[in-house]
Amino acid sequence: MKTAIETAMETIMKKNEILVIYGGNPQQIRPAEMAYKLAEAAGLAGLVGDRNKTIGLKPNLVVSSPASGGATTHPEIAAGIVSYLKANGFANIVILEGSWTGDSTARAFNECGYSELSKKTGVKLVDTQRDTYKKTNCAGMDIEICTSALNIDFMINLPVLKGHCQTLLTCALKNGKGLIPDREKRRFHSIGLHKPIAHLNTILRNDFIVVDGICGDPDFEEGGNPVYAGRIFAARDPVLCDAWAAVQLGYEPADIPYIGIAEKLGIGTADYKKAAVRELSAPFEGNISDTAMRAAPGKVKRLAPYIKEENACSSCFGALVSALLRMDQRELDRLSGAGLLPVSVGQGFAGRKGNTGIGRCTALFSGNCPGCPPSAAEILKFLKRFDNL
């Protein structure tokens, strides 16, 4: 017979797992509920253990703009985690962040809804731009790290899944950059971001990761071109998390050097194919109309002629948009001229035939990228193979 401790351990999320939950629109489960359910499914209370530990929540508030723009972490996600922690007897909780150089963390706390969250919950906000720091040896590389971050007993990382103009991806590993002083951020850029990002994570804690994948901008860390995917996912291994996240945006882990460096430093594994992905809910129908697509901002808007959507789940639609964003206009024109675009996506195509489709619902199409949903990387490979590019 199993002991009570052995039984409890079975409910705690394993290091190779990625938990995914879908929702986020007014008709479906809300972000706070999504985060709470992820914490429950992961056995977060068991992961933390001692109720007296100081728990840090690290969102991405790189700029002072609402999460709907695709750059910052939805405050509702932090609220859901705080609610879960308090319900399970944890009281020593702080939210730590330092916006990028040139912006104000205090303004970001206000504009992004975290000041209001602090008032409602009593959770302290720590502005690491105003913090002291300590030079720390990070696997042979000296890095100045904010004192408040070093004093955390259990860190809950709340990054946004989005693109980055220099590193291509920003997710769990890069989100730690908000916990170093501004002058160290400048040094990171001067010496190249990838190596110091990886080394920083040999010291910074990444005990539990909840990734905001609701509407991140797949191209730019400042947002402006949000792509609605309506999901949040959790991980315990930050390298595995970022490797899997890279694939969701149409990249391979090898495209993001800091992922490979972090793996070599022993922080985690980059073999996303060995991830045990567990979905806590099914993707919902996004019903993304052609009109809404054409009204989308910037780079996303130009993709409207290349997508034919009928009752698409947001996750499938978001993966398709991310894949098409990885293609240049020449590639899109060649596929279109060959009659392979637009790409069909959505449950409205189930049982029908056509030329090019993605997902299980277009299984009868002559050209189909399977999956429910397929990743952006899988879709990109499928489209490039179609045109022998």
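**View 1. Tyr36 is partly exposed, at 23% relative accessible area.** Here, buried means under 20% relative accessible area, exposed means over 50%, and partly exposed is what lies in between (1.4 Å probe, protein chains only). Tyr84, at 5%, counts as buried. We're looking at a predicted model, where local features need pLDDT of at least 70, side-chain atom pairs count only at pLDDT 80 or more, and totals for chains, interfaces and linings use all residues. Residues are numbered from 1 along each chain as its sequence is written, and side-chain values use heavy atoms, with hydrogens and water left out.

**View 2. The rings of Tyr36 and Tyr84 meet edge-to-face.** Searching the whole structure turns up three aromatic pairs. In this one the ring centres are 5.5 Å apart and the planes sit at 80°, so it goes down as edge-to-face. For the rules: rings of Phe, Tyr and Trp (its six-membered ring) pair if their centres lie within 6.5 Å, with planes under 30 degrees apart stacked, over 60 edge-to-face and the rest tilted. Tyr36 belongs to helix H2 (residues 31-42) and Tyr84 to helix H4 (residues 75-87), so the pair ties together parts 48 residues apart in sequence. Helices (H or I, at least four residues) and strands (E, at least two) are DSSP runs, numbered from the N terminus.

**View 3. Phe349 and Phe365 also pair edge-to-face.** Their centres are 5.9 Å apart and their planes at 90°, so the label is edge-to-face. Phe349 comes from the loop between strands E14 (343-345) and E15 (356-358), and Phe365 from the loop between E15 and strand E16 (367-369), 16 residues apart. Phe349 is buried at 2%, and Phe365 is buried at 7%.

**View 4. H2 packs against H4.** The angle is about 45° and the axes are 7 Å apart; axes are lines fitted to C-alpha atoms, for helices over the stretch in contact, and angles run from 0 to 180 degrees between N-to-C directions. Among the H2 residues that meet H4 are Ala32, Ala35 and Tyr36, and the H4 side includes Ile77, Ile81 and Tyr84. Contact means heavy atoms within 4.5 Å.

**View 5. Gly357 is found in strand E15.** At 0% relative accessibility, Gly357 counts as buried. Leaving aside neighbours within four places in sequence, Gly357 is in contact with Val343, Ser344, Thr362, Phe365, Gly367, Asn368, Cys369 and Phe382.
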